[in-house]
Amino acid sequence: SSDVCSSDLTQGLLVLTDAFDENLYLSSRNLTNVMVVEAQYADPVSLVQFPNVVATAGALKKLEEMLA
């Protein structure tokens, strides 16, 4: 099985959140190839561009509502 710990994160990581978190946003700016996006602003290009995507449960729920 594939998980974040065994993935090659040097290729990039997209973090989807359900709400803006200033601390997460500010800390992610210090990491290369990491982008934090609220679910409602996620676009198909970003989802395909990043080989690794981590999403909160709330973000997944928002994506499901948007795509329904």
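The questions and answers below go through the fold, the core and the surface of one predicted protein model.

Because the model is predicted, local features need pLDDT of at least 70 and side-chain atom pairs count only at pLDDT 80 or more, while totals for chains, interfaces and linings use all residues. Residues are numbered from 1 along each chain as its sequence is written, and side-chain values use heavy atoms, with hydrogens and water left out.

User: Which pattern does the protein chain follow when read along the sequence?

Analyst: Helices (H or I, at least four residues) and strands (E, at least two) are taken as DSSP runs and numbered from the N terminus. On that basis the protein chain has 3 helices and 3 strands. Read along the sequence, their pattern is β-α-β-α-β-α.

User: Which residues make up the largest nonpolar core?

Analyst: A nonpolar core is a set of buried Ala, Val, Leu, Ile, Met, Phe, Trp, Tyr and Cys residues joined through side-chain atoms within 4.5 Å, where buried means under 20% relative accessible area, exposed means over 50% and partly exposed lies in between (1.4 Å probe, protein chains only). The largest such core has 8 residues, which are Leu 14, Leu 16, Val 37, Ala 39, Ala 42, Phe 50, Ala 59 and Leu 63.

User: Is Ser 46 buried or exposed?

Analyst: Ser 46 is found in helix 2, which covers residues 44-49. Leaving aside its neighbours within four places in sequence, Ser 46 is in contact (heavy atoms within 4.5 Å) with Leu 14 and Met 35. Because its relative accessible area is 7%, Ser 46 counts as buried.

User: How is the aromatic pair of Phe 20 and Tyr 25 classed: stacked, edge-to-face or tilted?

Analyst: Rings of Phe, Tyr and Trp (its six-membered ring) pair if their centres lie within 6.5 Å, and planes under 30 degrees apart count as stacked, over 60 as edge-to-face and the rest as tilted. By this rule the count comes to 1 aromatic pair. Phe 20 and Tyr 25 form that pair, with 6.0 Å centre to centre and 45° between the planes, and it is tilted.

User: Is Phe 20 buried or exposed?

Analyst: Phe 20 is found in the loop between strand 1 and helix 1 (22-28). Because Phe 20 has 53% relative accessibility, the class of Phe 20 is exposed.
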